[in-house]
Each structure stands twice: as structure tokens, then as C-alpha cells.
Amino acid sequence: MNAPLIEHDLKRLLAYHSVENIGIILLGVGAAMLFQVYRLEALAALALVAALYHTLNHATFKSLLFMGAGAVLHATHTRNMEELGGLIKRMPQTAVFFLVGSIAIAALPPFNGFISEWLTLQSLLLSFRISAHTVNLIFAFSVAALALTSGLAAACFVKAFGITFLALPRSEHAEQAREVEWRMRAAMALLALLCVVLGVLPALILAPLEATVFDLTHAHADMQFNFNAVVANGGFGWAAPLWMGIGLAVLFVVIPLALRSIGASRQRRYYETWSCGRALQTSRFEYTATAFANPFKRVFAILYRPVKDLDIEFHPESRYFVRTIEYENPSRLIFEDKIYRPLLRMINAAARRARVLQSGNVHGYLVYILIALVALLILAS
Amino acid sequence: MLTEVTLELLQLFIVALGSPLLVGIIRKVKARLQGRRGASVFQPYFDIRKLFSKETVVSENTSWIFRFTPYLLATTMLLSSLIVPALATRTPLGFMGNIIALMYLFLLGTFFLALAGLDAGSAFGGMGSSREVAIAALAEPTVLIAIFGIALRAGTTSLDGIVTRFAAEPLLMLNAGHLLAFIAFFIVALAENGRLPVDNPSTHLELTMIHEAMILEYSGRHLALVEWATGMKLFLFLTLLSNLFFPWGVALTNTPIALFSAFLALIVKLLFFASAIALLETAVAKLRLFRVPELLAGSFTVALLAVVTAFFLQ
Amino acid sequence: MSAELLSRLVTLLSFAALGLTILLIVRTRLEGQVRVFGLQSLVLALLSVLIALYTGRLELFGVGLALLVIKGIIIPRVLHRAVTKIGIVRVAAPYLGTAPALVICALLTIVAFYVMTPIATTNPLPTADAMPLAFAGVLTGFFIMVNRRRAVTQILGFLMLENGIFLLALLTTYGVPFVVEMGVFLDVLVAVLIMEVFVCHIKDNFDSIDVGELGTLKE
Amino acid sequence: MMLLSLLLIPLIATGLIAVARQRVLIELLHVGSALVTLGVAAAIAVEIWHSSVLIAAGDLFRVDALSALMVAIITSLGAITSVYAVGYIRAELSDAHLRRVRLFFALFQLFIFTMVVAVTTDNLGVMWIAVEGTTLATVFLVNLRHTRTSLEAAYKYLILSSVGIALAFIGTALIYYAGAGKAGEIAVNWSTLRAGAGSLNGDVVRLAFIFILVGYGTKAGLVPMHTWLPDAHSEAPAPISALMSGVLLNVGLYAMMRFKAIVDAALGPAFAANLLIGVGLLSLLIAAAFLIAQRNYKRMLAYSSVEHIGIVCLGLGFGGYWGVFGAVFHVVNHALAKSLLFIVSGNILLKYHSAEIRDVRGLMRASPWTGALFLAGVLALIGLPPFAPFISEFIIFRSGLESYPWAAAMGVILLVVVFGGMLASVNSMLYGEPPADIENGGGLRLWLAPLAVNFALLLALGLTLPASFEGAIKQVVQIVGV
């Protein structure tokens, strides 16, 4: 879930997030199944609609982001964020598209990730209609998990976008970067547009999805929607992404006008970043992806088990002058070490043992059938 | 129709103009508690005005993100002020989002502020953003579980729905779950607004600051906007705390009398919370950054307890 | 002929058929095995004719005749041809030696009785008493397929199994409809022809007809 | 009449191809017959959709909704694969091997014919003969390449299937006895049996169903009778693998469905249900074990067939309207997805000259179309939305959670294991650097065009369940019996 945060390879980071999003989708599906079991068809349909909607959205913004990453790779020949930076000045359009994708995947309004995740949350919250306490608690935890996921996703894409596109380039790769050819940009533009449309006009896609789910569950999703707003379960929850978008846009225009009207100063001066009075500001001052991820590493220390390696070489004359400092901070997922790996090892071992069954010996195969037959016959009669 | 529009504008202006005062009051109370006279409660207004009249210095490393963010931040806050039932439940634009949507709206602001922090390419900005988003991310689960707790008892997640429900059946609030949810939400409010013990709004000590580090590069009108937006965020959170958990006085009908009384009630409640925060901030010291998760974990547990109690002792 | 007599004769011949199947376990030379199978087919043909006489069902004569021609003459010929074509080949011992193999056969026969007797007793037909024997033949044929390494013997085991099934059907319901019976014979014939081709291929490719050595495809 | 023409066209085509001299002529006859058969099948399907059943040749052939569905699957996939087969065989066998080319196409048609007979006849015995016929028709096709491995696979396939089918014959005979024994009349048809199923002798039926399960289960590739399947499916040329995996297994399932209907009527649902669930779970378990870190992608697809047949059995076992509905729906989906994948795998094989997963790298770059289709197929197969298998699996396990929660839960867990296993292998195939000696593009891209149909259907059925389609499946469900 929070593996992506310590991942500094742009594409692998995105790949990790696919897992996360599939998790969200499966959360919806699982909720749907449980609702079904408790005969709450309408809610099941709601959860399923949310899941399918998120599948669709995930497809859009994830392909947008992958394209963006591809563009960056194409322009800089590196996927390592630590070597990127400042791309927003060199490839402005790609930057905008990637930003749209990042906001969408962080499930922030008014883009498409928001509304589907919002729907999923609604369906999860509505789980209190189920009258079985254990199930309720399972749902409570899944709500928390989903919340944490979306929070971490936001954090992660602040990192992804900020480190990759903002501030100064961290290598001449990034220095030399140029905007990619128009076809790539056109494709990204299209997907970005899709992210917006799916975000502010959910009714467009909700109608067909709802119909599909009706075929499947023979219950109408417990929701009402039109181009103004989406309503879950009567008055349980409201969201009007379209109007949020409009409101944001309007106010965003109004504020500067208001400021001008009250006669706020409009003069502006460009100057170098304040750097504690040091002479020149270079990209070496910048916060790196590793540093950015550090708090999370510290917080989830139990999961990440950061391995510190501080190596200071002192000046020969006086140990108060440091010549070089090397600080390494690789980190490994304890999930992998303590849970995934052993589990996988276990499964693999079992599988290997099972593989002996397919020995390649035709006589053995015949024996299986003979034994199966005799056993069943004896059992049945 | 007219009344609706006026109502929304009223809320807008209360939040927009009231927030600096709130900040001023908190500072004043704090000063008094610490035995200082402290600046006038209107000091924040003067600051903002001064900042607006000053010229703006922008780092040449920055991109449009840096200049764009302050406006967006203020925008999100103003938009939220149209959704939050500060005075009345019948807010015509309340349908724009339920409490969850509201939280995601706040997160949008944080998202951009963090980007702006990275934009200038200074070490402080980066440090600030990384810590800010870390805290925001860790606060999310608490927020939603707390909301879950409320929704369980109110049977809805729409803001005005919750207020109406509790106003209609005050007995619902006489419940351990309600209190627990409130505590959890309060802690989250502190964390989200960068108050003590999570962050110290009045420090500029490099290594401890979070929010201040993030906005270190801002100056002039940008800084003014950011400060103002921060004030509004605090105002909105306190309003939520007051009206969701103690919905007394919130106007259920849009009659002038009701609205006026609601206004008074709001002032009283906000004063109470302001002084509570001031008291708290004088009483407790700032936590080390890496103790913060423990605090949030604590609040998470509290919120979970709220949910559990809601399920088991209805 | 009376039902009593019929059922006695049927049981007797069924015993003979089963005995021949078991004999296959003992015989080692391929030619001998093929001859055993031919003999068994002959017995079955006799059985069907017997039942035909008793019931007066004409198609059973046809079935008997077809059986005699296909399983009694053609298939043994085919297999014999294959055996001669293969010539002398080194042959590994079966997985189980004769003695344990016979024990297994005994066990399988017990299973057959355990399974089939309940049904046989409810079956009104006079031939039904021999059903367990027929099924024992099926299982034994199956076991031969499992135990013997040489492709030809495996095929013979399969044919014995087929014969057992035919017998079982014959005893239970005086056989299945004529069309079906013919179709079955045809299938068996084609199957055996294909198998023969494959046996020769195997001989050419692996220079042995020990199908136990076909082990490249695993997992 | 229509029915007879449906049966005769492939048979005649077989004969003509057997005597045809020019390769082009053979190919024309082959594709032509496949397409005409498809047309006739469509007409029949419409007929069934309006009136209830079609009958031909006395009571020998009888087509109801279930048969119609199977005919639809057989002929449509038959048409798609037969088009691809032309291209594939051109790449595989030069004109020098005209005899083998002729043999291939003749047997291909014969294969279609036997399957159609199997699902359209009303007579249990004739069906048995036809099913055995499918084995005999395909065994040479499996050995088409005349390599040692293909020979080995073919031999095992022949022996094991023959034995299995033989056992199924015992079951058939016992059902005969149960049905006709007392009445004395011989012709035993599905229709008559289904009608009088209530009065059958319970013990006999119970015994019979075990033979049926083991026998036709061998044909359907259920564990532990599945052992021939991975060998045969991986050694056969791609179009044949596609038909065997996508269609032939369903014929085995078809037989089991027919018998299940009778058994349920005679013994009540519990007996068959327990057996089916047991076998289904076992199949899922073993398939999962072999899907993890499978080295050969064609074998991977084969084992995934075992897995999916297991899922269908679970659906039939869970029972209830939705369980059976999901099972039937899943049969369709699996047929679509699996035939698509096997055909695509044919392209991969022709391109990389290896069926080993580790030899295949950077497929996405080397041939994007093939890669994309392969990925889509796999995603569909492991049951991700928005593809149809997700819907059917959802239906099946939902009904399972109600009737047999533990079995359903285990099934879901195994599905997750399969999910991980397959995705891992496929990722390594799709991405990375393609080997140096692989020329980009090329392949049989054009011949993949018919697969657009599979893909479109998988997507369409995944996104929406057309009322007409649902109605058709509903009819089938009523026949399988709830």
C-alpha cells in the first residue's frame, strides 16, 4: 500500500499504484459480495458500480501517467527521480498533463479519481446497514485502509510530480530535456480531458454502469444521479463535482479581481531562493525523493526497516572540518521480508511438491484414474 | 432565492473576514495566559493589509505552480465556506458535497501547498512539504473513521443532515461514542491546521517547523493569501467541530431571527474553542515530528472506539 | 432353454472371460497375449449368441457376429502384425511381479463384487448374477494397463477392459441398441488401428515400446 | 432439415478435402465449410430461440437450448480458428508436406463434425460414440508435428481418453438399465429419461453418475483425470489447442450437465453437488499448484483450462438458479478467452520458436498487436473487470457464499493464487528487451483479425448483459435444471 512512497523509479512507482488501485476496486467488489450475502442488493449494486467506475477511471489516469512517465523517460533517458527535476519549465505541457493525472489518482476533486473513490467510501460507510458486528468491524477497517491509501497516494504523487517536474534539474539529463513530439502530447491531452470529463460529469458513465450492474444483480444501485449531483442512498451522501469545479473556477477568478479592487500591490520581483545566506543556489540544496520519503520511512519504520549508513570522512588536520559525508539510506519492505516472501516460499514449496504428480509416466496417470474410480465407488455404495 | 444567496454570501464573508479575528483572539488569549499583554486581536488584519501592500518576491527557480497555489488555496477555503453549515443547515450550495467531499477538498489545498513548497527548490520547503503531507496522510484514516462514527449515529454523511439530526434528537449526543468521535476529530483538527502539539504556528525554528517551512518562500500578496487561507481553514474546522457535535443554535430555517441567533451561537462556540486551543497550546509542548504518528494513532484508536461503541451499545 | 440354465451358462462363460483376463497377467510373450484376447472375444461372441437364442433378439446375433469378426479376427491380426513388425525388443519387468499382481486382481474382484452385487440383486434379468464378474474383468483390464510397460500389452489391457464393459452391458440390459453397439465396435477398431500406428512410431523414435519411458513431458 | 445440413456439411467437407489435390482448394473448402456451418448454426439458434426444440432423423437428433448454445460455441469458434488455421499451417507446413496439410484440414472438419453430433444427438449411446470420435479425430492432429514430444503427448492422450470414455460407457449402460431395464424398450433418449427420471432406481443412478463423472470428467479435464490435457494442449498446433481447450472440454462438460439434470431429478441435488464441488476444488487446487512458476506458456494456458473447468463445476455444484447460470455463462466466457489466448500463443510460438516462458521477452515491443491481445486475454482469464469472466466468476462465487460458504471461500483464495502466478509469468513475457534475433512486427498479425470477435464479445458481455443473451442462458439453465 505504501510501497510506492520509497520507490524512486517513476514507472515502478506507477506500477505499485496499480496494485493499490486494484485493491480499491476489489474492496468494492468484496463489499458488493458481502452486501449480497446479507440481501442488501441495492447497496451491493452501489458498491459494484463504484468498483467498475473506479476500474474505468484507473484505466484513464493510469495510462495518462504512464504516458507522462514515458514522455519523461523519452526526454531525459532516465526514470530515476533523483536525476530529474525542473522539467516543468522544459516540458510544460507534459507537466500539466502529468499534474492532472496525479490529482486524479490522488482522488482529489474535481477529477475522476475523486468521484469513484467517493462512491466506494459511501458504499463502505453504508455497511452499518448490515446487522452483524464482525462484518461491521471488517468494513470499518477497510474504510480506514482506503482512507490511508488515498492519503498516501496524495503524498506519493506530491513527491512524484514535485521531485520530477519542479525546482531545479538534478542532472544534465533533465537539463537537456525538451518537450516531446505533438502526437504524444495529443494523446496525453485527450486522456487528461477524459479525466476531467469523467470527473465532473459522472452521470455520463454512471447511467450505463448502473444498467450493467442491474443486469448482474437485478437490483438498482442505491443511488440517484443527474448532471448536477450524485446522491448515495437517499440523502446519505451528496457530491456535485460539476458544481465544485464551477465554484473553484469562479472563485479562482473572483479573488484576484477582489484583490485588485482593494488595491493590493501588484509589483513582483524575481530573486533567488533564500538559502541561509549561502552564495549560489544549486540543485544540490534541493530536497531529494529519498529525503521526501524519509518521514514515511520513519513512521512506518516497522514496515520499511530503513537501513542507515552514515559515513563521514574527516579532514586530516582537524576533525571539525568534514571533507565528505556519505549517507546511504536504502530500505526494504518488511512486508516483503516477513510476510510476502515466506508466504510465497511456502506456496512455491507446496506447488513444487504437487508438481511431482505430473510425473510424465502414463502408468502413473492411469493409476490416478483407477484409484479415483475405486475410491468413489466404495464411498458411494 | 434572495435569502439563499444572501445566506451563502453571509457565510462566505463570516468565514473570510472572521478568520483573521479568530487567529488574533487565539494569539491574544495565549499571550494573556503566558502573562504577556500580546498584540491587538486585530493584528492579523494589519499584517494581511501590510503584506498586500508590499511587493512580492518570487524565486526564479519557481514555476507557475508556486504563483498559482496561494489563489487555489484561498479558493478551496472559500468554496468550503459555502458548504459548511456555519449558520444554517439549509445552505443552497450544501449539495456540492458531503463531509467526505469536504475533507478531500481540504486535501486538494494541502496537495498544492506541498507542491509549492517543493517548487522553490530550497531544503526547507521540501522538508516542510514532506512533513505536511506525511501528517495529512496519517490523519486521513482518523478523519474518515471519525466521520464513520458520526454517520453511524446520524444515519447520514451530509453535513446539514447530521446537524439537523442531532439538533432534532439531542439525546443522540448523550453517548460515549459521540464524545469519542469528537475527541478524535478535535485532534485531527489540530494536526490538519498545524497547531500544537503537532506543529507550532509561531515558530520559525528551522528544524521543527512544518507549515511555516513550507511557505517560507512566500512573500507579499502570496504570503497574505496563504496566511489568510490558513486562518480560514482553522475557522472552518472549528465551525465543523462546533456545529456537527454541538448543533445548538444552528438555524434550521432561513428566517433572519434564526440566522442572527445562529450567528451569536457560532461566535460563542468559536470563542470557546479558540480559548480551548490557546489553553492547550500554552499547556503542552510540541511533539517531536516522529512522535506525531503516535498521537494520530491514538486519535485513530479513539475514533475506532467511537465506531465500536456505536455498533455495540446503540 | 430356461432362465435357470441360461444364468448358469452365462456365469460360467463370464468366469471364463475373467479367467482369460487374469491369464494375460501371467503370459509374457506378446503373441500369446494377443491369442488370449482373441479367445476372450470368442467367448463373448458365444455369450451374446446364447442370449440371442434365449431372448430371440435377432440383433444380438448380429452383435455376436460383429464381435467375432472385429475383436476376434481383425484386431488380433492387426496386433499380430504390429508385434511381428516390432520384432524382438528388450522389455523391462512390469511394475509389480506376477504374485503381487494376482493379489491386486483378487482385491479388485472383491471391490467389483462389493460394488455391483447390490445392483445385480435388484436386476430381474437372469443374466444379472454375472455382472460383478464382468466388472471385475473391467478393473483387471484396467490394472493390466497400469502394470504392464509394453505398449502392446497396454493396448491389450484396454481391449480387455472394453470387452468387460461390453459384457457388463450385455448382462445388465441384453446390450445397448444395435446402432450404438456397432458404433462402439467401429470406435474400438479405429482406436486400435491408431494405437498400432503409434506403437510403430514409438518403436522407431524411442527404439523400444516401453511406454513407461515416455517421460519428457512433465509438470 | 437444417439440422441434418449442419451435420452433413462438415462431413462432406471432410470427404472433399481428403480427395482434393491443390492446397488452395483444400483451404477454400475448409474455410467455406466452416463459415457455412456457422451460418446454419446461427439459423438454428434463432429457430430454437423462437420455438423450443428441433428434431431430426426420427428421435436420433434433438436440439434444445443447451445443445444450441454448444453448437453456437463449436461453430463460431470453429469458424474463427479455421480462418487462423489456414495462416498457421501455411507458416508451419510448406507445400512439400501436402499430405499432412490435407490430413490436417480433413481431420479438422471431422473434429467439428464429431463435436456437433455429440451435442445434437438425443441418444446417450450415439453421444458416447461421438465423444470417443472426437478423441480419434484429434489424436493425429496432436501428433501433427511428428516430434518425439508430440508423439508422446498423442499416445498419452489416446490411452487416457479412451480409458476414460470407456468408463463413461459403463455409466451410460447403467443409465440405460435404470431407464429401460424395467420398461423393456431400448431406445433411451435424454428427453424420455429426463421425463421419467423421478422413477429411476436410486442405487443404479448413483453408481452410474460416478462412472460418468470419472469418464466424461477425463474428457473435460478434471483432476485427477486431467493428466493428458497439458501435454496434448501444449503439443497440438495452436488452432487445434484453441479448439480442444475452448470447445472440446465443454463437450465433456455438456455430457456431465445432461447427466446431472437426470441425477438431480432422481436423487435430489445434494449427491451430484458434493461430487462436483469436491472435484472442482481439487481441480482448482492442482491447477493453481501448476500455474505457479509454470515454465511453458502453452502448458500454463492448458492448466488454466483445468482451473476454469473446475470453476464451472463449482458453479454447477453450488447450484441454485444463479450458480448454474454463472456456470453456463462461464463456459461461454472461458471458450472465448481461451481460444483467443491459444491462437495468440500460436503467433508467439512462430515468432520466438520456443514455448518456454523464459525465452519470450519484450513481446509488447516485438509485436505490439500480439502482445496486447495476449495481455487482454490473460486479464480476462484471471477474472479482472471489465471482462466477462469477472462477471461469471462473481455470480458463481456469490451464489457459493450462500450455499457452500467454505468451499466458495477456498475457491476464491485459490483464484487469488492463480492470479498472482499467471500475472508474474505473463509480465516477464510481455516486457523487457526482446531477444536480438527477433525481427519486429511481422508474424501472422492479419490472421489474428477474427480474434476481434472474441475480444469484442468478452468486453461487451463484461460491460453489459444483453436481455436476449440472458434469456438464452435462462433457457439453458432450465434444461440443466434447478
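Is D:Ile292 buried or exposed, and how many other C-beta atoms lie within 10 Å? D:Ile292 is buried, because 23 other C-beta atoms lie within 10 Å, where buried stands for 20 or more such atoms, exposed for 12 or fewer and partly exposed for anything in between, with C-beta atoms placed from the backbone.

The model is predicted, so local features need pLDDT of at least 70 and side-chain atom pairs count only at pLDDT 80 or more, while totals for chains, interfaces and linings use all residues. Residues are numbered from 1 along each chain as its sequence is written, and chains are lettered from A and ligands numbered from 1 in the order in which they are written.

**View 1. Surroundings of D:Ile292.** D:Ile292 is found in the loop between helix H11 (269–291) and helix H12 (297–318) of chain D, helices being DSSP runs of H or I with at least four residues and strands runs of E with at least two, numbered from the N terminus. Leaving aside residues up to four places away in sequence, D:Ile292 touches A:Ile347, A:Asn348, A:Ala351, D:Val417 and D:Gly421, a contact being a pair of C-beta atoms, placed from the backbone, within 7 Å.

**View 2. Contact of chain C with chain D.** The contact takes 35 residues from chain C and 35 residues from chain D. On the chain C side, two or more residues come from each of helix H4 (98–122), helix H5 (131–147), helix H6 (151–173) and helix H7 (178–206), and H7(C) gives the most, with 12 residues.

**View 3. Chain A.** Chain A has 14 helices and 6 strands, and buried residues make up 48% of its 381 residues.

Definitions and conventions
Two residues are in contact if their C-beta atoms, placed from the backbone, lie within 7 Å.
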